[in-house]
Amino acid sequence: EAQTESMLSEMFPEMSRYELSDDIYTIYRDEDEIGFAFIAIGKGYGGDIDILVGLENDTTLKGITIISHNETPGLGTRITEPSFTDMFVGVNINDVALRKDGGQIDAITSSTISSVAVIDAVRATAVEKVKLIKASEEGR
């Protein structure tokens with residue numbers, strides 16, 4: 001819980017509180033909703049990669065944080081570096097794909113499996129969670 005709150009406040013510095021419902025964190029600044037976050041799980045070279053994904057709104061990523069992984073030291077572990085994670089900031093969820101496939105993200109050299117695991121998990125989970133967010137907003 002404390003680790004989650006720390007990661008959320010790092011991603012959303014203006015956060016005053018959050019609520020968790022249906023595995024989606026709704027982030028607030030006072031009473032204003034300022035974003036959403038959720039966990040995505042990718043299948044990397046060394047097993048599961050747990051990723052905290054932040055959304056500014058229903059189309060744009062706020063950013064990602066790699067929570068845990070078992071990727072190869074020096075290669076796959078580079079998915080945790082800002083040179084990789086910063087590529088997700090401000091990107092439309094539909095553009096979360098490798099640049100060679102028409103997206104906005106570059107794979108890490110010699111670490112394509114780990115890179116693609118993160119990219120695919122972020123995009124697929126974001127699309128799924130946005131549907132849930134929109135459905136819950138319509139139901140308010």
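Me: Let's start with D30. Where is the place of D30?

Reply: D30 sits in the loop between β2 and β3 (32–44). Helices (H or I, at least four residues) and strands (E, at least two) are DSSP runs, numbered from the N terminus. Before we go on: this is a predicted model, where local features need pLDDT of at least 70, side-chain atom pairs count only at pLDDT 80 or more, and totals for chains, interfaces and linings use all residues. Residues are numbered from 1 along each chain as its sequence is written, and side-chain values use heavy atoms, with hydrogens and water left out.

Me: Is D30 buried or exposed?

Reply: D30 is exposed, because its relative accessible area is 54%. Buried means under 20% relative accessible area, exposed over 50%, and partly exposed in between (1.4 Å probe, protein chains only).

Me: What about the phi of D30?

Reply: D30 has a positive phi of about 55°, although D30 is not a glycine. S110 is not a glycine either, and S110 has a positive phi of about 65°. You'll find S110 in the loop between α2 (82–85) and α3 (112–138). With a relative accessible area of 58%, S110 is exposed.

Me: What does S16 touch?

Reply: Not counting residues up to four places away in sequence, S16 touches Y28, R29 and D30. Contact means heavy atoms within 4.5 Å. S16 is in the loop between α1 and β1, and S16 counts as partly exposed because its relative accessibility is 43%.

Me: How far apart are S16 and D86?

Reply: C-alpha to C-alpha, S16 and D86 are 24 Å apart in space, and they are 70 residues apart in sequence.

Me: Switching to helices. Which residues of α1 are buried?

Reply: In α1 (residues 2–11), the buried ones are T4, M7, L8 and M11. They are on the same side of α1 because they cover an arc of only 100° around the axis. That arc is the one made by the directions from the helix axis to the C-beta atoms.

Me: What covers the buried residues of α1?

Reply: The cover includes β1, β2, β3, β4 (47–55) and β5 (61–68). On the face of α1 turned away from its buried side, there are the exposed residues A2 and E10.

Me: How much space lies in the largest pocket?

Reply: About 180 Å³ of space lies in the largest pocket. Of the 11 residues that line the largest pocket, S21, I24, T26, I133 and S136 are the closest to its centre. On a 1 Å grid over the protein atoms alone, a pocket is an open set of points where a 1.4 Å probe fits, with protein on both sides within 12 Å along at least five of seven lines; lining residues have an atom within 4 Å of a point. Grid points are joined across faces, edges and corners, and the volume is the space filled by probe spheres set on the points.

Me: Which elements supply at least two residues of that lining?

Reply: β1 (17–21), β2 and α3 each supply at least two residues of the lining of the largest pocket.

Me: You mentioned T26. What is T26 in contact with?

Reply: Apart from neighbours within four places in sequence, T26 is in contact with R17, Y18, E19, E33, G35 and F36. T26 is found in strand β2 (residues 24–29). T26 counts as buried, because its relative accessibility is 12%.

Me: Last topic: how many aromatic pairs does the count come to?

Reply: The count comes to 2 aromatic pairs. The rings of Y18 and Y25 have centres 5.5 Å apart and planes at 70°, so that pair is edge-to-face. F84 and F88 also form an edge-to-face aromatic pair, at 5.4 Å centre to centre with 75° between the planes. Rings of Phe, Tyr and Trp (its six-membered ring) pair if their centres lie within 6.5 Å; planes under 30 degrees apart count as stacked, over 60 as edge-to-face and the rest as tilted.

Me: Are F84 and F88 buried or exposed?

Reply: F84 counts as buried at 1% relative accessibility, and F88 is buried with a relative accessible area of 0%.
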